[in-house]
Amino acid sequence: MAAPSNARVAVVGAGIVGTSIALALRKRGAQVTLVDRDEPGRGCSFGNSGAISPGSVAPLALPGVLASVPGMLLDDESPLYLPLRYLPRALPWLARFVASARPRTVQASARKLATIHAGAIAAHEAMTRELGVPELFLQRGHLHLYPDAQALAKDATGWRMREAYGFRSERLDRAGILALEPNVGERYQLGMYLADHATILNPFRYVQAMARAFTAAGGRIERASVSRLLQAGAQWSLQGSGGSGPGYDHVVVAAGAWSKELLAPLGIQLALESQRGYHLQFEGGRDAVSRTVVLADRKVFVTPMEGGLRVGGTVEIGGLAAPPDPRRAAVLGRIARETFRGLATLPTRSWMGHRPCMPDSVPVVGAAPGRANLWIATGHGHLGLTDSLNTAQWIAAALFGEPPARDATGVELAATCASQQGI
Ligand SMILES: Cc1cc2nc3c(=O)[nH]c(=O)nc-3n(C[C@H](O)[C@H](O)[C@H](O)COP(=O)(O)OP(=O)(O)OC[C@H]3O[C@@H](n4cnc5c(N)ncnc54)[C@H](O)[C@@H]3O)c2cc1C
């Protein structure tokens, strides 16, 4: 049933996804409490690469990718690493990941991803302006780099799928690369340029600005660690560090990679796994590039962030509990120093975050099965920043019983993502 406009809603998780949802609900008049054990934006949303990438319609599990996985998994220098100790726990998720590489599933996932990505660039541009931080939005395109045609051929499926969904790219030779990015090292001879793609130059400051707009509009932020979601009749309450909270009409679980733990006691099993990603940020060095540059053969994103040059990437399937592995961030530093001169002496800081990943790369955004007034918004994987605003519009529209939001091209926003796939 549609919520009354002043419904009391708790949103658990103040990452980019939860904070976007809280703001969208508050704007519609709901009495919203945004709950996080930390300050807004300190989770995975803190240290991502800031890329707004609607062209990334290819899911991660593709037949070509799978062929190279076994060799990569146990090599701690590869873009994908699975420590042996975690292998038994990861196996069920990996089995579903492999199953997702079937051609029909890949095509279905791409359709859903294209739907939830639609209009993301314009939406983030408008949001940065609305929040009073337009300087965080950079639209100079994304430049993907390859050593040679053979390396580019390994990503052929992804480029074909971008093309099929209307994303135009330009193929560049070495001179074309240098015309855009003169500091790129010799290794890279071929480029693919997505001219309209955009970048958020400080993802943490973006979430913080959004959280401030939310409280300025009358929303409430509560610092608490939620241990259980309790349902009594039509009411929900949150059990957590501050005891049991007040009653809510609706609860939205947007707790990123931790959402699975919150939902399991309610009998909702999400096939969610953390893909731990790292960044190394150089203090300074941001002039090395002037836009998002992707070292595509190494799956590394290089971004001229507000605070310095950020080098982000790697996938480590190692669970939520283990501490960060400093070797993973060190690999990113080595790759960056090899590719761009002038970074050798700059101090660095490293970070690790948990990408909330579904086996088929499609986020879970919709009403929880079998539980009235419980909503789920997680599983955004490698693209949670890109998809945050569309996710928020979809959840807000569904909660208030509005027709699904439509993006500028008239596509029904994320309708497919409301299906309970993966649950
Ligand atoms: C290295 C790296 C690079 C990336 N680059 C990009 C990119 O360029 N573009 C892009 O679109 N995406 C990118 N991503 C992915 C993106 O960062 C994530 O998809 C996104 O941040 C997920 O947002 P979220 O709000 O779901 O999760 P989070 O930001 O992790 O937020 C979840 C929040 O829930 C809170 N929480 C969890 N459990 C509880 C509990 N029990 N009680 C209270 N609070 C709780 C946490 O404290 C946290 O603040 C990248 C990720 C990584 C790791």
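**Exercise 1: the domain contact**

How many residues of domain 1 are in contact with how many residues of domain 2? Work out what the domain 1 side is made of, too.

Solution. Keep in mind that this is a predicted model.

- Step 1: list the pairs with C-beta atoms within 7 Å. That puts 30 residues of domain 1 in contact with 21 residues of domain 2.
- Step 2: sort the domain 1 side by element. Helix H9 (203-216), helix H10 (259-263) and H12 each give two or more residues, and H9 has the largest share, with 5 residues.
- Step 3: sort that side by class. You get 16 nonpolar, 11 polar and 3 charged residues.

**Exercise 2: the ligand shell**

Which residues come nearest to the ligand, and which domains does the shell draw on?

Solution. 

- Step 1: collect the residues around the ligand. There are 43, and the nearest are Gly 15, Gly 43, Gly 256, Gly 277 and Gly 384.
- Step 2: assign elements. At least two shell residues come from each of helix H1 (16-27), strand E2 (31-36), strand E15 (273-282), strand E19 (348-357) and helix H12 (384-399).
- Step 3: assign domains. Domain 1 and domain 2 each supply at least three residues of the shell.
- Step 4: split by class. The shell holds 21 polar, 17 nonpolar and 5 charged residues.

Conventions. Residues are numbered from 1 along each chain as its sequence is written. This is a predicted model: local features need pLDDT of at least 70, side-chain atom pairs count only at pLDDT 80 or more; totals for chains, interfaces and linings use all residues. A residue is near a molecule or strand if its C-beta atom, placed from the backbone, lies within 6 Å of it. Helices (H or I, at least four residues) and strands (E, at least two) are DSSP runs, numbered from the N terminus. Ala, Val, Leu, Ile, Met, Phe, Trp, Tyr, Cys and Pro count as nonpolar, Asp, Glu, Lys and Arg as charged, and the others, Gly among them, as polar. Domain bounds come from an automatic or database domain assignment. Two residues are in contact if their C-beta atoms, placed from the backbone, lie within 7 Å.
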